[in-house]
Amino acid sequence: MIDELVDDWTVSITDLTPRVRKIAELVRSGRTTQAARLLPAERRYPLEPSSARRLGMG
C-alpha cells in the first residue's frame, strides 16, 4: 500500500513554508483578514448519511 501511495496517489508536493510564515506574520500583526485570504478554500467532504450520523454530524 505504501508503494501505491508513493507511486500512484502522490502527484505533487508543494513547500508551503513561505506562505505559512507570511500568514503567521499577518496574524501576529493583527491583519487576520489578509491572512485568511492566503488560506486555501475549505471544501465539504461528501459523506453517506449513515456515516454522517455515526460521526454525529446530522
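## Close-up views of a predicted model

**View 1. Glu25 is partly exposed, with a relative accessible area of 40%.** Partly exposed sits between buried, under 20% relative accessible area, and exposed, over 50% (1.4 Å probe, protein chains only). This is a predicted model: local features need pLDDT of at least 70 and side-chain atom pairs pLDDT 80 or more, while totals for chains, interfaces and linings use all residues. Residues are numbered from 1 along each chain as its sequence is written, and side-chain values use heavy atoms, without hydrogens and water. Glu25 forms a salt bridge with Lys22. The closest N and O atoms of Lys22 and Glu25 are 3.7 Å apart. A salt bridge here is a side-chain nitrogen of Lys or Arg within 4 Å of a carboxyl oxygen of Asp or Glu. A search of the whole structure finds 1 such bridge. Lys22 is partly exposed too, at 37%. Lys22 and Glu25 lie in helix 2, residues 17-28. They are 3 residues apart, about one turn of the helix. Helices (H or I, at least four residues) and strands (E, at least two) are DSSP runs, numbered from the N terminus.

**View 2. Met1, Ile2, Leu5, Val6 and Trp9 make a nonpolar surface patch.** The patch covers about 600 Å². Its members must have over 30% relative accessible area and no salt bridge; nonpolar side chains (Val, Leu, Ile, Met, Phe, Trp, Tyr) are joined within 5 Å, like charges within 9 Å. Trp9 belongs to helix 1, residues 2-9. Trp9 is partly exposed, with a relative accessible area of 48%.

**View 3. Asp3, Glu4, Asp7 and Asp8 gather in a surface patch of negative charge.** Asp8 lies in helix 1. Asp8 is exposed, with a relative accessible area of 54%.

**View 4. The protein has 4 helices and 0 strands.** Along the sequence the pattern reads α-α-α-α. The radius of gyration is 18 Å, well over the 10 Å that the globule rule gives for 58 residues, so the protein is more spread out than a compact globule. That radius is taken over C-alpha atoms, and the rule is 2.2 Å times the number of residues to the power 0.38. The C-alpha atoms fill a box of roughly 45 × 35 × 15 Å along the principal axes. Buried residues make up 9% of the 58 residues.

Methods. Areas by Shrake-Rupley, 256 points an atom, 1.4 Å probe, with all protein chains shown as cover. Lys, Arg positive; Asp, Glu negative; His and termini not counted. Charge placed at Lys NZ, Arg CZ, Asp CG, Glu CD.
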